[in-house]
2 protein chains.
Amino acid sequence: MSQNSTKSVNHHQLRKLLLQILPADSILYQQEDLRPYECDALSVYRQVPLIVALPDSSKQVQNIIRLCNKINLPVVARGAGTGLSGGALPCEHGLLLSLAKLKNIISINEKLRTACVQPGVRNLAISQAVEHLGLFYAPDPSSQIACTIGGNVAENSGGVHCLKYGLTVHNIQQIKMVSIEGELITIGGDGLDCAGYDLLALMTGSEGMLGIIVEVTVKLLPKPECVQTLLAAFNDISKAGTAVANIISAGIIPAGLEMMDKLALQAAEDFVHAGYPTEAAAILLCELDGSEIEVTTHTNAVCELLNNSGATEVRIAQDAQQGLIFWKGRKAAFPAIGRLSPDYYCMDGTIPRKSLATVLQAMADMSQQYGLAIANVFHAGDGNLHPLILYDANIPGELTRAEEFGAKILELCIKVGGTITGEHGVGMEKLDQMCVQFKTNELTQFHAVKAAFDPKALLNPGKAVPALHRCAEFGAMHVHHGKLPHPELERF
Amino acid sequence: MSQNSTKSVNHHQLRKLLLQILPADSILYQQEDLRPYECDALSVYRQVPLIVALPDSSKQVQNIIRLCNKINLPVVARGAGTGLSGGALPCEHGLLLSLAKLKNIISINEKLRTACVQPGVRNLAISQAVEHLGLFYAPDPSSQIACTIGGNVAENSGGVHCLKYGLTVHNIQQIKMVSIEGELITIGGDGLDCAGYDLLALMTGSEGMLGIIVEVTVKLLPKPECVQTLLAAFNDISKAGTAVANIISAGIIPAGLEMMDKLALQAAEDFVHAGYPTEAAAILLCELDGSEIEVTTHTNAVCELLNNSGATEVRIAQDAQQGLIFWKGRKAAFPAIGRLSPDYYCMDGTIPRKSLATVLQAMADMSQQYGLAIANVFHAGDGNLHPLILYDANIPGELTRAEEFGAKILELCIKVGGTITGEHGVGMEKLDQMCVQFKTNELTQFHAVKAAFDPKALLNPGKAVPALHRCAEFGAMHVHHGKLPHPELERF
């Protein structure tokens, strides 16, 4: 509905209006300045915005949003642009709202163990700012050096340590957001719970569709006294899957429990020489933390569980240095795989842990069928898969095949009771899979919630929740007669 | 808006309509049958409904809601009626929807560690049903023998063990709800996270205002290998508060950490003879669980922390039997206090832990000022207060004074950064305090969310979120000129 009215605004007129709110150097409108904002880290979708605004205060954000609401101009909020699902893709006739200048740590409360920060503060910068207090901020997406907390809240980001410490939603206490009317709304508080509807959880993971986050109060945790890292090798990937289930079943929640398959661990080894057992079909990296005695006890228990689950080798890091080397390959896995292939497509889906072995086997079969290699590096402990599909965009048809393969993997996640996103969000990328995961009743309720915040659909339009007609069209092709899109998934 | 149309329906006409959906014995309409539904456990508010419906299937719930929606009849859902904030108070011209007959455990999945249950299943019945698998359901409100899981989700119930294991929202994975249109909506899944807006969290604690819960999939946890209970006595309640902060600061999260003040512990001792040190100003009960070695280590550490915090005595339960005796007085505290006074008013607010000592002192001062005794029995570890104000309803003015005192306590919770409810919900009781905790912007957003689910406001009307005009009236009396309702709170 906003399109008609906005197409008539050009960037000159818009710039004039914005100049009443922002200094000239906080408004970008020339093609060469707009270009860096044309995509996030998922570069298959590209679009330059009409204009970019770079506010440096909540007040400016409020005024920009009031303007956009008044002239029906779509607004896409952007953090560091490290997102992997195209959630920050600009609108052609819209404003790109960069929150990069809102980068102050407002306050740190040691007693309450909280930090109040602006949305443009980098994830890792929070932990660095409280390190001297023996505290840290737990969620640690791979992009934590660069990604910002506003984007983390918008995507409900995870990371290696989410198995034990929870997702972003479990690690924040309060946010301030600007509503589409430009009002400042405070959600949450210092207490454990808050009265009223749980808007804090609702906003977390809402992908910029409900409001603009301008302040986040995060919870801080005491740094564990002791950390131990184990590496286990398996000659069969399904045995590694079973080991994961056995560790969790024993009531042990590691700080991190990651799996790498043969292709991933070989690529990482070639790249950073971490000393990985390259003949293995898969390795598990397990980090245990807590008090010294807790870690010692758990280390012994996990070793026994790994051996009983069929590990061909279990290594215990002899010191912190060796622990870091074990992790080095995991952390370098994505660039390492980038060396194997001109392009790769990183998927993100979550499945119940018990289905790990089945799903890994099915992906291997599909890899054969599509003629595209797949590498797996993922958060095994919480069932959050990150298959990387290798392809070459210069070979005609490979990108399309990779996308199809990726879609199939997500549908497989749904089939086994999981979900199409673990931590990357839906964005532009997974709109069709939302049609598979949710029925009309649920999608209708999502749209009603959206309308309760943003009745004119100006905030990040076209992302995260597909329009019902899109699903109808997608459904007409794929899920007709109540069948799953891909009959071969029926066997799971 | 619904009132005009519904006043014209009498219970005879309504019964006739309901007979097309339910058998005759599932519809109650005679005064003596309606009477048991006139209040929940907060009996100061009473109202018999027009009619009571007792469906025994989701399908029947859907049909009842469709009928109510069609004829604009208000609907109040009711679980076991153990709520303490008047959340299940019926509407005079409305239908009371009892979910008591939906009491089947649908399935238990040992591998996924989940149980799928109907809303009328009692909280404790879930743990009993999975005990043979070594599993349990963690949230344990005091009413767990009687209260049902549907009500637990509606109120986001807590309990002694929520400090370590989280509130209801952290312990459920999926719900099925009936929307006001009578549609069945599935929210959540078997995975750790779910795509789309977090409607699972939004529904949890929504007090029957957004939809009718007809199925809940709860998470189950492995029963801890070992449990240890400690009892510590203090000659000063603020030292007990400091001890709580010191334990949590040391990175130890007990399974439960409860405080009882002098009046509460003396009443409990007189009642059940648990051997409590009745000369103490306060006691702490601390439950530690985990592996044997973990519990041993933490027991030693907590003992040292308690002693360093000024405990006059620390007792360690020598066996499970003694542990149960330590808890016996805590569990009997409410009825024990009932023996001291003809009536008591149990409040529920949550504060940041660091404010425990200040708030306890302020409540003692207010107790003097109001001439009403106060007993404190509460979840100290998570800052969830349960002050019990003692009064005699037969003495003119005492009930009003008790309610005023209670309201002041809640406003004090807000003042120190906390919230007006920990686990009891807002219901009818705390509508005015919602006006203190939230500004117009937040309340407006709450109403917009409500309208996204229930545009005609038929679901539990008048509860949980106050109308803006109510706050304006309340505010006109209390918060004029931006001042807090009670100037004496300014000092916190």
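Buried here means under 20% relative accessible area, exposed means over 50%, and partly exposed is in between, with a 1.4 Å probe and protein chains only. This is a predicted model, where local features need pLDDT of at least 70, side-chain atom pairs count only at pLDDT 80 or more, and totals for chains, interfaces and linings use all residues. Residues are numbered from 1 along each chain as its sequence is written, chains are lettered from A in the order in which they are written, and side-chain values use heavy atoms, with hydrogens and water left out.

I'll start with helix H11 of chain A, residues 292–308. Helices are DSSP runs of H or I with at least four residues, strands are runs of E with at least two, and both are numbered from the N terminus. The expected span of a helix is 1.5 Å times one less than its number of residues. For the 17 residues of H11(A) that gives 24 Å, and the end C-alpha atoms are 24 Å apart, so the two agree.

Which residues of H11(A) are buried? They are Glu294(A), Val295(A), His298(A), Thr299(A), Val302(A), Cys303(A), Leu305(A) and Leu306(A). They cover an arc of only 165 degrees around the axis, so they sit on the same side of H11(A); the arc is taken from the directions from the helix axis to the C-beta atoms. An α-helix has 3.6 residues a turn, so residues three or four places apart point the same way. On the other side of H11(A), Asn300(A), Glu304(A) and Asn308(A) are exposed. The cover over the buried residues includes strand S14 (282–290) of chain A and helix H11 (292–308) of chain B. Just after H11(A), Gly310(A) has a positive phi of about 100 degrees.

Next, the core. A nonpolar core is a set of buried Ala, Val, Leu, Ile, Met, Phe, Trp, Tyr and Cys residues joined through side-chain atoms within 4.5 Å. The largest one has 181 residues, and Leu306(A), Phe453(A), Leu306(B) and Phe453(B) are those with the most contacts inside it. Contact means heavy atoms within 4.5 Å. Leaving aside neighbours within four places in sequence, the contacts of Phe453(A) include Met177(A), Leu199(A), Gln445(B) and Val449(B).

Last, a sheet in chain B. Its five strands run in the order S5-S6-S10-S8-S9, open and antiparallel. Strands S5 (105–109) and S9 (184–188) of chain B are the edges, each pairing on one side only; pairing requires at least two DSSP bridges. Strand S8 (172–178) of chain B and S9(B) pair over five bridges, and Ile175(B) stands opposite Ile187(B) in S9(B).
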